[in-house]
Amino acid sequence: MTEVDPPRIDPVRRGEATGEQLAVLEPLGSMGELNIFGTLAVHPRLMRSWLPFGGRLLQGSSLPARTREVVILRTAARCGSDYEWGQHVAIGLDAGLTRTEIVACARPPEDHPWSAADRAVLAAVDEVVGDHVISGSTWSQLVDSGLDDSQLIELTILAGHYAMLAGMLRSVGVLTEGPMPAIGSTEP
C-alpha cells in the first residue's frame, strides 16, 4: 500500500493555533494533542461538525463495545491504517477483546475460531469496505446473531466511517504519536 512520509499536512499545535483552531482543540483536553485531532484542526469547521458524529460512534454506540472494536480493527486492517489500528488495540483490550482476537482481526476469519456472530461481523466489514454492500447471507447472519435494525445501520456506518477516516489518515500522512502496534500486532 502507498504510504505518505513525511506528512503532507502537519498537525496544528496549540502554540501555533488560531483562535478557531484552539476552540475545537481545547475541549478535548490532552486528547487534543493527538495527531489526528491536530491535523483535523487545520479545518476547524469540518472538525467541529465531525467530532460529535465520531464521538457518538465511539462512545455512544448501540453496538456492544467488543463488537464495535472488532469492526474498527477489521476496517483498519483492511484499509491499511496503522494509526487506527495502533490507537484501537488498547481500546479493544479495554472492550474485552483478547490479544489473540485483536491479532485475528487482521487475518482471514478461518485462521481463528471466531463465533458465528463474530464471523458475520467480520464478513460485514469486508463487504462494506470491499463492495460497499452487505450481502443477503451476511445480513441474515447478523440478524440471526441478535443485532437489531439500529445496530445494523450503525455497523454499516461504523465500518464506512472508519474506512473514510483511514483514507484521510493515510492520504494526509498522519503519524502515530510514538511506537504503536502495527497492523496484526498488539505490541509496539
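**View 1. Here is the largest pocket of this predicted model**. The largest pocket has a volume of about 450 Å³. On a 1 Å grid over the protein atoms alone, a pocket is an open set of points where a 1.4 Å probe fits, with protein on both sides within 12 Å along at least five of seven lines. The volume is the space filled by probe spheres set on those points, joined across faces, edges and corners.

**View 2. Now for the lining of the largest pocket**. Two or more residues each come from α2 (35-40), α3 (44-59), α5 (82-94) and α9 (149-172); helices are DSSP runs (H or I, at least four residues), numbered from the N terminus. The top giver is α3, with six residues.

**View 3. Here α4 (residues 65-79) crosses α7 (residues 116-131)**. Their axes, lines fitted to C-alpha atoms over the stretch in contact, come within 9 Å. The crossing angle is roughly 40° (angles run from 0 to 180 degrees between N-to-C directions), so the two helices are oblique to each other, meaning neither under 35, over 145 nor 65 to 115 degrees.

**View 4. Zoom in on where α4 meets α7**. Contact means heavy atoms within 4.5 Å. Among the α4 residues involved are Val 70 and Arg 74, while α7 brings others including Leu 122 and Asp 126.

Residues are numbered from 1 along each chain as its sequence is written, and side-chain values use heavy atoms, leaving out hydrogens and water. Local features need pLDDT of at least 70 and side-chain atom pairs 80 or more, while totals for chains, interfaces and linings use all residues.

Notes: On a 1 Å grid over the protein atoms alone, a cavity is a set of points where a 1.4 Å probe fits but cannot get out, and a pocket is an open set with protein on both sides within 12 Å along at least five of seven lines; lining residues have an atom within 4 Å of a point.
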